[in-house]
Amino acid sequence: MKPIDLRSDTVTHPTDAMREAMATAEVDDDVFDEDPTVHRLERLASEKLGKEAALLVPSGTMGNLVSLLTHCQRGDGVLLGDRSHIFQHEVGGLSALGGLFPHILGNADDGTLPLASLEAAIQPPDIHCPPTRLICLENTHNFCHGAPLPVQYMAAVGALARRRDLKLHLDGARLFNAAAALAVTPASLAEEADSVMVCLSKGLSAPVGSVVCGSRAFIRRARKWRKMLGGGMRQAGHIAAAGIVALEQQVERLREDHENTLHLALGLQEAPGIELDLARVKTNILFFQLSHPSLSAEAFLSSLEKDNVKILLTGPVTFRAVVHREISRKDIDTVVQTARKLLTA
Ligand code: TLP
């Protein structure tokens with residue numbers, strides 16, 4: 001029996017339309033910048049994000065790294081949230097490969113970096129200090145319960161960045177989820193950013209790929225960093241073809257995932273030992289805690305798995321469940337029943 005896999009929306013498989021498009025894509029060598037399908041995807045992505053140009057990269061991690069390397073020089077300071085994916089889950093690539101200095105600020109629970117802490121963290125032009133070059137935001141904010149950051153906040157950080165002569169990079173791995181949750185366009189959320197990375201391989205279900213968008217000059221320089229990192233791909237149109245289907249056919253239905261996530265939260269909050277904050281459930285990511293008199297977090301996790309339900313344990317008693325296209329309303333009901341059965345036994 002196929003497991004109900006809530007570990008991440010990255011587990012989604014390509015749709016039939018994607019498989020068809022990949023098989024029949026017109027392709028050529030993208031390192032020569034001659035793949036027509038990659039060009040189509042990059043045009044489509046840049047239009048949707050309201051930027052001049054775009055660059056297909058193999059992963060979100062590479063997209064963020066390419067962007068940071070393009071904005072900064074060795075020794076530059078980057079303002080980052082302590083719960084950001086770039087800080088926590090990208091192997092420290094910005095320091096290891098880029099020689100960049102991560103200046104870590106506390107994320108508020110809503111995923112924002114308070115304007116006052118950003119302002120206070122900007123280093124003076126002092127011989128002792130790494131020059132602050134870049135602010136990074138994440139929208140939706142994965143480890144802040146998938147919080148969508150509103151347009152007004154993005155605009156305020158953009159204004160601050162311009163005033164203090166900094167660049168702004170947006171990790172928009174799930175920017176389309178944020179746009180759906182806030183009922184705004186993805187371009188309005190990316191407007192203030194000098195660069196934005198969006199993933200095609202998460203809720204949008206493409207098998208591989210992310211796109212970095214920015215000005216023409218920025219993307220020209222980013223292309224060279226991508227090559228240096230080994231991300232120059234040849235007949236990449238086969239991958240881009242699935243990405244085009246993702247952007248054209250999978251964006252509208254993200255709302256369904258958000259509704260199903262709320263349904264999951266409503267069901268789980270009734271189970272004994274589960275604690276969650278319903279007010280924080282805004283997109284497709286649900287975090288909850290377990291404090292049960294007789295069942296440890298590890299035992300709960302492995303019992304769920306025996307019952308065909310996979311989720312992630314992200315802290316000693318903290319779980320993350322991510323809803324996606326391959327999770328139906330019926331699956332959610334099954335998960336809720338299974339969890340309740342295990343916790344009341
Ligand atoms: N996130 C993955 C894991 O790495 C945690 C997940 O399952 O959520 N930015 C954000 C906000 C992300 O959530 C991720 C992946 C990335 C960047 C990196 O994308 P990939 O996995 O394509 O390198």
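**Close-up 1. Surroundings of His258 in the predicted model.** Leaving aside neighbours within four places in sequence, His258 is in contact with Asn177, Ala180, Ala181, Lys282, Thr283 and Asn284. With Asn177, the link includes a polar contact of 3.0 Å between the two side chains. His258 belongs to helix H12, and it counts as buried because its relative accessibility is 9%, where buried means under 20%. As with every view described here, the coordinates come from a predicted model. For a sense of distance across the chain, the C-alpha atoms of His258 and Gly60 are separated by 22 Å, these residues being 198 residues apart along the chain.

**Close-up 2. Asp257 in helix H12.** Asp257 is placed in helix H12, which covers residues 254-268. Asp257 counts as buried because its relative accessibility is 1%. The side chain of Asp257 makes a polar contact of 2.5 Å with the side chain of Arg253. When neighbours within four places in sequence are set aside, the residues in contact with Asp257 are Thr283, Asn284, Val323, His324 and Arg325.

Close-up 3. Helix H8, residues 175-182, is mostly covered, with six of its eight residues buried. These buried residues are Leu175, Phe176, Asn177, Ala178, Ala179 and Ala180, and Asn177 is the residue whose side chain forms the polar contact with His258. The buried residues of H8 pack against helix H2 (36-49), strand S6 (167-172), helix H9 (186-190), strand S7 (195-199), H11 and H12. After H8 comes Ala183, which has a positive phi near 55°.

Close-up 4. In soluble globular proteins, nonpolar side chains tend to be buried together. The largest nonpolar core in this model has 53 residues, and those with the most contacts inside it are Leu118, Ile135 and Leu137. Helix H11, residues 237-249, gives the most to this core, contributing seven residues. Apart from this core lies another, of 28 residues, which includes Leu264, Ala265, Leu268 and Ile327.

**Close-up 5. The largest pocket.** The largest pocket holds about 340 Å³ of space. Its lining consists of 26 residues, and Thr10, His85, Asn142, Arg174 and Lys202 lie nearest its centre. Helix H3 (60-71), helix H4 (85-89) and S7 are the elements that give two or more residues to this lining, with the largest share, three residues, coming from H3. Sorted by class, the lining of the largest pocket has seven nonpolar, 13 polar and six charged residues.

**Close-up 6. The second largest pocket.** The volume of the second largest pocket is about 220 Å³. Among the 14 residues that line this pocket, Phe176, Ala179, Pro186, Val251 and Glu252 are the closest to its centre. H8 and H11 are the elements that give two or more residues to the lining, and Phe176 and Ala179 are listed among the buried residues of H8. By class, the lining of the second largest pocket has eight nonpolar, two polar and four charged residues.

Technical notes:
Residues numbered from 1 in each chain as written. Predicted model: local features only at pLDDT ≥ 70, side-chain atom pairs only at ≥ 80, totals over all residues. Heavy atoms only, no water. Helix = DSSP H or I, 4+ residues; strand = E, 2+ residues; numbered from the N terminus. Buried < 20%, exposed > 50% of the residue type's maximum accessible area, 1.4 Å probe, protein only. Polar contact = N/O pair within 3.5 Å; in protein donor to acceptor, adjacent residues only side chain to side chain. Contact = heavy atoms within 4.5 Å. Core = buried A, V, L, I, M, F, W, Y, C linked by side-chain atoms within 4.5 Å. 1 Å grid on protein atoms, 1.4 Å probe; cavity = no way out; pocket = protein on both sides within 12 Å on 5 of 7 lines; lining within 4 Å. Points joined across faces, edges and corners; volume = space filled by probe spheres on them. Nonpolar A, V, L, I, M, F, W, Y, C, P; charged D, E, K, R; others polar.
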